[in-house]
Amino acid sequence: MYGVSTLNRFKAYAKEKGLEVIDGTGTDLTTLQQAAQMLVEKCDVLFSPNDNIVASGMTALASIALENHVPYYAAADSMVQDGAFATVGIDYEELGRETARMTVEVLKGKDTADIPVKVFQDNLSIYINQKTLDSLEKDCRTKLVLPDSVMKADNLKLLD
């Protein structure tokens, strides 16, 4: 359900900014590719929330976006690694370290009810696929300009 809540927050943000959202869905890679092809013909950008089916087909979906010169934003750094353009999100290595710390506490006998829930919402990282960026800078349907504040940010992680 994380993908649904992300999508709902995205839609609320887009509405606030006066942007129109056109939905596309699929239940398998074939129907997702069909939806992506329809969307790149109608939209200036694509966005996908975290979703296992989308993630498994990200390389193909990102290719459709790139072939049509459309930036494709995703909700996870792994999706950016697989070809999507960019995301802002948690550092999964830090998530792993925090999970390990909590696991050690449990193994030492601490009651899980006494371990506070940790939500990663601060100190997020900006992930950009460098190859996708290079391609979009050369040929993007809409002008793509990343401000210096992004390109020089301490939390920027360029992925190959």
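Predicted model: local features only at pLDDT ≥ 70, side-chain atom pairs only at ≥ 80, totals over all residues.
Me: Where does Lys131 lie?
Reply: Lys131 lies in helix 7, residues 130-138. Helices (H or I, at least four residues) and strands (E, at least two) are DSSP runs, numbered from the N terminus.

Me: Is Lys131 buried or exposed?
Reply: Lys131 is exposed, because its relative accessible area is 59%. Buried means under 20%, exposed over 50%, and partly exposed in between (1.4 Å probe, protein chains only).

Me: Which residues does Lys131 touch?
Reply: Leaving aside residues up to four places away in sequence, Lys131 touches Leu159 and Asp160; contact means heavy atoms within 4.5 Å. Lys131 and Asp160 are 29 residues apart along the chain, and their C-alpha atoms are separated by 6.2 Å.

Me: New topic: what is the phi of His69?
Reply: His69 is not a glycine, yet its phi is positive, at about 60°. Most residues other than glycine have a negative phi. His69 lies in the loop between helix 4 (58-67) and strand 2 (72-74), and counts as partly exposed because its relative accessibility is 29%.

Me: And what about Asn123?
Reply: Asn123, also not a glycine, has a positive phi of about 55°. Asn123 is in the loop between helix 6 (92-107) and strand 4 (125-129). With 77% relative accessibility, Asn123 counts as exposed.

Conventions
Residues numbered from 1 in each chain as written. Heavy atoms only, no water.
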